[in-house]
Amino acid sequence: MNIRILILCTGNSCRSQMAAGFLKSFKKNLEVFSAGTEPTAEINPYAVRVMQEKGIDISTNRPRNVDEFTSQPFDYVITVCDHAKETCPVFTGQVKHRLYIGFEDPTDFAGSEEATMAVYREIRDQIEIQFNKFLQEHLKD
C-alpha cells in the first residue's frame, strides 16, 4: 500500500519542492505531492540548481495550489513554513497525521550569487536531514 504525503508551503516554489524531491528519492513507494497556500508562477531556479547537485531533478515541477488537494486523503500533511502553517486550509479528505517541520525561507536572502547558493545549499541540506529523520521515525518497514 502506498503512503500518500502532501508537503505544504506558501509559494510551493522552493522548500516544499525540495522536500518532495528528497522523499521521492528516498523511497519509491511513496506518493508525494507538494502545494502552496499562495503558489508562485514558477519553481525557484536556485532550488532546481541545488537539488541537481544532489542528483534530483525538480526542474519540470510546477507550483500547485493546495486547493487541488483539500478533498483528497493523505497519510501525512507536512507543513514546512510558518505562514502555510498559519493559513493551512481545512482538509475535507481524511488526513491521518499533520506535522510541522519548519525551515527558514532562502528566498528572503539577498546577496551575491555565491552567497545565495550557499544559503540554498544550507536549507537543502537541513531539509534532507529532517526528512530522512521523518522517514526513520514514521515510515519504518
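Predicted model: local features only at pLDDT ≥ 70, side-chain atom pairs only at ≥ 80, totals over all residues.

Me: In which sense do β1 and β2 pair, and over how many bridges?

Reply: β1 and β2 pair in the parallel sense, over seven bridges. Strands here are DSSP runs of E with at least two residues, and helices are runs of H or I with at least four, numbered from the N terminus; two strands pair if DSSP finds at least two bridges between them.

Me: And which hand does the β-α-β unit of β1, α1 and β2 have?

Reply: β1, α1 and β2 make a right-handed unit, meaning that, with the strands pointing away from the viewer, the path from the first strand over the helix to the second runs clockwise.

Me: What does β3 pair with?

Reply: β3 pairs with β1 in the parallel sense over four bridges, and five bridges join β3 to β4, which also run parallel. L6 stands opposite V77 in β3, and F74 stands opposite V95 in β4.

Me: How many residues of β3 are buried?

Reply: Six of the six residues of β3 are buried, so β3 is largely enclosed by the rest of the structure. Buried means under 20% relative accessible area, with over 50% called exposed and anything in between partly exposed, using a 1.4 Å probe and protein chains only. β2 is mostly covered, with five of its seven residues buried.

Me: Switching to the core: how many residues are in the largest one, and which have the most contacts?

Reply: The largest nonpolar core has 32 residues, and those with the most contacts inside it are I5, I7, M18, L23, F131 and F134. β1 (3-9), α1 (15-26), β2 (30-36), α2 (45-52), β3 (74-79) and α4 (113-138) each give two or more residues to this core, and α4 gives the most, with seven. A nonpolar core is a set of buried Ala, Val, Leu, Ile, Met, Phe, Trp, Tyr and Cys residues joined through side-chain atoms within 4.5 Å. Another core, of eight residues, lies apart from this one, and L6, F69, F74 and V77 are among its residues.

Me: What is M18 in contact with?

Reply: Leaving aside neighbours within four places in sequence, M18 is in contact with A47, V50, M51, I58, I123, R124 and I127, where contact means heavy atoms within 4.5 Å.

Me: How far does α4 reach, and what covers its buried residues?

Reply: α4 has 26 residues and reaches 37 Å from its first C-alpha to its last, close to the 38 Å expected at 1.5 Å a residue, the expected span being 1.5 Å times one less than the number of residues. The buried residues of α4 include Y120, I123, F131 and F134, and what covers the buried residues of α4 includes β1, α1, β2, α2, β3 and β4 (95-100).

Me: New topic, then: where is N12, and what is its phi?

Reply: N12 is found in the loop between β1 and α1, and it has a positive phi of about 55 degrees although it is not a glycine. Most residues other than glycine have a negative phi.

Me: Why does N12 count as buried, and what does its side chain reach?

Reply: N12 counts as buried because its relative accessibility is 0%. The side chain of N12 reaches the backbone nitrogen of R64 at 2.7 Å, and it also makes a polar contact with the side chain of S34 (3.0 Å). A polar contact is a pair of N or O atoms within 3.5 Å; within protein, one must be able to donate a hydrogen and the other to accept it, and residues adjacent in sequence count only if both atoms are side-chain atoms.

Me: What about R15, buried or exposed?

Reply: R15 lies in helix α1 and counts as buried, at 7% relative accessibility. The side chain of R15 reaches the backbone oxygen of F103 at 2.7 Å.

Conventions
Residues numbered from 1 in each chain as written. Heavy atoms only, no water.
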